[in-house]
Amino acid sequence: MFGPRLLSNFYSALEAVMANRLRSLLTALGIIFGVAAVIAMMAIGNGAQQEILEQIKLVGVNNIIIEPVVEQVEEEVQDGPGGGPGAEKNKFSPGLRMLDVEAIQEVIPGIQRISPEVIMDTHIVKSGVRRSAKLVGVTPEYFKVTNFKLREGGMFTENNLLNGDPVCIIGRGVQTKFFSKENAIGKRIKCGNQWMRVIGILEERIVSDKSLAKLGIRDFNMDVYIPMQTMLVRYKNRDMVTSGSLVSGRQGVVIINGEVQQNTSNKQTNYHQIDKLVVQVEESSMLNPTAEVLSRLLERKHYNVIDFEITIPELLLKQQQRTQNIFNIVLGAIAGISLLVGGIGIMNIMLASVMERIKEIGLRLALGAQKTDIVHQFLFEAMMISVTGGIIGVILGIILASLVSQFGDFPTIITIPSILVSFSVAATVGLIFGIAPAKRAASQDPITSLRHE
C-alpha cells in the first residue's frame, strides 16, 4: 500500500510533529474541541429524540385525551327586572359519563377506539401486607390504546364486563410486591373493601421520573385494573348522584346520607362519572378536526357547560420534536464551525512552519527529493495533527456526554455513526487545509531556500 518513498515521507512528517509536540497539540485544539462538541451535541440530540419517542409511545399514537374539570364554576346573571345578586344561578351539567362514550361512538366517524377510565385511590391488602395503589376501571380497549401487553394470564371476558365480576389485571409492580414467591394467576387480593381474583399480569413499563412529571402520568406498574362495570357497581358510580345534590353542592351545601349539610370545603364536588376518556382516531391528520367535533358534541350534551378539557399530547410532543430538531441543527452547525476554525488554525500553523523550514525544504530538494515528496510530507503532518486531534476529541466528547447525562439529568445516547462522522470530518479538514501549505512548500526554489537565513 505504501511504497518506500511514501513511508520515508511519512517518517519525516512524524519526526517533525514529534519534534514540536506542544505546538502540534495547540494546533490540534480547534479540532479537539470541534469533534468533542459534535459528539456531545449529537449525543444530547439523540437522547432528546429517544425521550420524545418514548413519551409518544407512553401517551399512545393518534390519541385525544378528554379529562373532566372538577373546579369549573359557571354562573348565569339575569339582567331583567328580577336581576341582581339573588338572580344568579349555576348551570347544571351531568359531567363526563358513559353516555358520552356511546354518543361519541355513534356520532363521530373515524374513531378507531375509545377508552373510558374511572380511577380510585385504594389500598391493596394480602397476607398482612398493605400498600396504597390506584384502582382503575377500564374496558379492554384501554390496553390497546395505551400499548399495554399481557405478560401472563388473559384479558377480561364478555361475562366479566357485563356482570361486573370481581376480577382484575395487575401491574408488574403489584406482582413483585405481593406475589414474589408464587404465581399470581387465580389468586385473590383485597382492593379496598372488595376481594378480586387475579386473571392477568401486565408487562413492566419503565417510565423515567422526568416523563412522569412532564406528561402528568403515574407509575402504571402499581395499578390494578378491573372491568368498568365492576368499578361502577362495586365501588363508585358518581352518575347515581341526583341533580339536586349536585346543585346543592355547588351552592354551599351537600347531601350526605339523605341529610342536607353545610359544605365547609372550598372544593367543588366531583360529579363526573368517568375520570378520563381517551379517543383514538385512525389517522394523525384527523386529530385536530376530531378534537373540534368532540368539543362541540360534549358542550352540547353538557348544556353549554365546558367542564372538560381536551388535549392532543402527540401533537404537542411532535411540536417539541420539531423544536428539538432545529436546536440540534443549530448546535451541529456551531460545532461544525469550530471544526472549520480548527482547520484554518492547522493551515496557518503549517504555513508558518513552511517559512521556518525553508532551509530544510531546499536541502531535501537539492539532495534529490521530488516536489511530490515535499507535498506528501506536509500533508502527512497536517493529517497527523487532525487525526490525533480527532481521537482526543472523540474521547473528550464521550466524557462530556457522560457528564451531561450524569450531572445534568439529561439523557444522552452516543452512537457509532456520530463518532465515525466526527472523526471523518476531522481527517478531511486536515487533508483539505493541509493542501495549501504543502503546495507552497513544494513550490520553493532549492537554491533560494538554501540561502535563506
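This is a predicted model: local features need pLDDT of at least 70, side-chain atom pairs count only at pLDDT 80 or more; totals for chains, interfaces and linings use all residues.
Figure 1. Residues are numbered from 1 along each chain as its sequence is written, and side-chain values use heavy atoms, with hydrogens and water left out. The side chains of Glu 141 and Arg 113 form a salt bridge with an N to O distance of 3.5 Å. A salt bridge is a side-chain nitrogen of Lys or Arg within 4 Å of a carboxyl oxygen of Asp or Glu. The pair links distant parts of the chain, 28 residues apart: Glu 141 belongs to helix α5 (residues 141–145) and Arg 113 to strand β4. Helices (H or I, at least four residues) and strands (E, at least two) are DSSP runs, numbered from the N terminus. Glu 141 is partly exposed, with a relative accessible area of 26%, and Arg 113 is partly exposed at 22%. Buried means under 20% relative accessible area, exposed over 50%, and partly exposed in between, with a 1.4 Å probe and protein chains only. A search of the whole structure finds five salt bridges.

**Figure 2. Salt bridge between Asp 121 and Lys 134.** The closest N and O atoms of Asp 121 and Lys 134 are 2.5 Å apart. This pair also links distant parts of the chain: Asp 121 is in strand β4 and Lys 134 in strand β5 (residues 129–138), 13 residues apart. Asp 121 counts as exposed, at 58% relative accessibility, whereas Lys 134 is partly exposed at 28%.

**Figure 3. Surroundings of Thr 122.** Thr 122 lies in strand β4 (residues 111–126) and is buried, with a relative accessible area of 8%. Its side chain reaches the backbone nitrogen of Gly 192 at 3.0 Å. Leaving aside residues up to four places away in sequence, Thr 122 touches Arg 131, Ser 132, Ala 133, Leu 135, Cys 191 and Gly 192. Such a contact means heavy atoms within 4.5 Å.

**Figure 4. Salt bridge between Asp 275 and Arg 238.** The side chains of Asp 275 and Arg 238 meet at 3.0 Å, N to O. Asp 275 is in the loop between β12 (259–262) and β13 (276–281), and Arg 238 is in the loop between α9 (228–235) and α10 (243–250), so the pair ties together parts that are 37 residues apart in sequence. Both Asp 275 and Arg 238 are buried.

Figure 5. Helix α14 (residues 371–407) has 37 residues and reaches 53 Å from its first C-alpha to its last, close to the 54 Å expected at 1.5 Å a residue. The expected span is 1.5 Å times one less than the number of residues. Ile 391, Ile 395, Ile 399, Leu 400, Leu 403 and Phe 407 form a nonpolar patch on the surface, with about 570 Å² of accessible area together. Patches are made of residues with over 30% relative accessible area and no salt bridge; like charges are joined within 9 Å, and nonpolar side chains (Val, Leu, Ile, Met, Phe, Trp, Tyr) within 5 Å. Accessible areas come from the Shrake-Rupley method with a 1.4 Å probe, and for residues only the protein chains shown count as cover. Phe 407, in helix α14, is exposed, with a relative accessible area of 64%. Just after α14, Asp 409 takes a positive phi of about 50°.

Technical notes
A polar contact is a pair of N or O atoms within 3.5 Å; within protein, one must be able to donate a hydrogen and the other to accept it, and residues adjacent in sequence count only if both atoms are side-chain atoms.
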